[in-house]
Amino acid sequence: SFIYQNIMYMLAGEVIHKISGKPWDEFIAERLFKPLGMTNTYATYRQSLGYDNRITPHFMYEDSVIKPIPTIISKTVDAAGGVWSCADDITKWMRFMLDGAKLNGERLLQPQTYEALFTPQTLVPPSEFYPTQKFTKPHWMSYGLGWFQHDYKGRMVQFHTGSLDGAVAIIGLIPDANFGVYVFGNMDHTELRHALMYKAMDMWVFNSDTTDWSRDLYGLYTGIAAQGDSAQRSFEAQRIPGTKPSAALNAYTGIYSNQTYGAASVIQLNDSLLLQFPNHFNLFLSHWHYDTFLAKYEREWYGKDYVRFNLNASGKVSGFSFAGIEYEKKE
């Protein structure tokens, strides 16, 4: 069944490199950006550094205070969402997509390739779709080749979001109406993007301006956030006071591994621990109860989580569990 992930987009970038002999970023710059005249579009963050007019990413912290955050870039993002662009250039790309992947009457993609992009590939269950379905009331929801799809007021909508730390985007196309809209935002998961997309569709495609999308989606997403806060408080209320770790802190230190995600290490920092995931992020651990530790991200806008250490039959630390992933301690 459907579940969203970015790994296969990253793999697609490697496939392009393998077949064309050119790295993914060079290939799309040559085959798409240059022909379309997208002169202010860059395939990677590194390439965009010479462009001064750029956003500052922001994040809303737990205290509802909005603060700027550093631009966090990982090379693994590139083929899955590494492109940096602007409204003018994205408009050129959006028109290209609405015009059957043609440029000045000539196709850059074969007709069957273009059609495949928007052909539903799998059904998406409500649990994996966007909460906006409460108001759009689709009869079906599917996923094409890089497009979420649903019906809205009798038209087929193709859309997709993009989210990096402190920055978001959304594109919405109704090809039958030759309509497209693209929204950038410089705050993490600000769902105003959905409100603006559907508002634009209502006004330009359906000649309707009766839905207050800003109000409705603000209420929807703040309600979802409130449910999350309530669940967090309920979990924290289950903390058992007065407990201690099963072993001395230095017994939890060492190298841990997971077959899929690789190595992690735990080191002692005075009366606390530091969990390091190389090339990813670090977590500061403080005792919560028993062998569970409260984990605060070094990138504080990530919030907090929990790490549970495991003991073997001899009472020695044998591994830990984090975000549903199990790590084993190396001897």
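User: Why is Met8 called partly exposed?

Analyst: Met8 has a relative accessible area of 49%, and since buried means under 20%, exposed means over 50%, and partly exposed is what lies in between (1.4 Å probe, protein chains only), Met8 is therefore partly exposed. Before we go on, please keep in mind that this is a predicted model, in which local features need pLDDT of at least 70 and side-chain atom pairs count only at pLDDT 80 or more, while totals for chains, interfaces and linings use all residues. Residues are numbered from 1 along each chain as its sequence is written, and side-chain values use heavy atoms, with hydrogens and water left out.

User: Where is Met8 placed, and which residues make the nonpolar surface patch?

Analyst: Met8 is placed in helix α1, residues 7-20, where a helix is a DSSP run of H or I with at least four residues, a strand is a run of E with at least two, and both are numbered from the N terminus. The patch, about 580 Å² in area, is made by Ile7, Met8, Met10, Leu11, Val15 and Ile19. A patch takes residues with over 30% relative accessible area and no salt bridge, joining nonpolar side chains (Val, Leu, Ile, Met, Phe, Trp, Tyr) within 5 Å and like charges within 9 Å; the areas come from the Shrake-Rupley method with a 1.4 Å probe, and for residues only the protein chains shown count as cover.

User: What makes Asp202 and Lys153 a salt bridge?

Analyst: The closest N and O atoms of Asp202 and Lys153 are 3.0 Å apart, and a salt bridge asks for a side-chain nitrogen of Lys or Arg within 4 Å of a carboxyl oxygen of Asp or Glu, so this pair is counted. Asp202 lies in helix α8 (residues 192-204) and Lys153 in the loop between β7 and β8, so the pair ties together parts that are 49 residues apart in sequence. The structure holds eight salt bridges.

User: Is Asp202 buried or exposed, and what about Lys153?

Analyst: Asp202 is buried because its relative accessible area is 1%, whereas Lys153, with 42%, is partly exposed.

User: How do you know that Arg308 and Glu326 form a salt bridge?

Analyst: Their closest N and O atoms are 3.8 Å apart, which meets the salt-bridge cut-off, so the pair is counted. Arg308 lies in strand β16 (residues 304-311) and Glu326 in strand β18 (residues 325-329), so the pair ties together parts that are 18 residues apart in sequence.

User: What makes β13 and β14 a pair of strands?

Analyst: Two strands pair if DSSP finds at least two bridges between them, and five bridges join β13 (residues 272-277) to β14 (residues 281-289), so these antiparallel strands count as paired. Within this pairing, Leu274 has Phe284 in β14 as its bridge partner.

User: Which closed arrangement do the strands form, and which helix lies across β14 and β16?

Analyst: Eight strands form a closed barrel with antiparallel pairing, in the order β11-β12-β13-β14-β15-β16-β17-β18. Helix α9 (residues 213-236) lies across β14 and β16, running at about 35° to β16; contact means heavy atoms within 4.5 Å, and angles run from 0 to 180 degrees between the N-to-C directions of axes fitted to C-alpha atoms, for helices over the stretch in contact.
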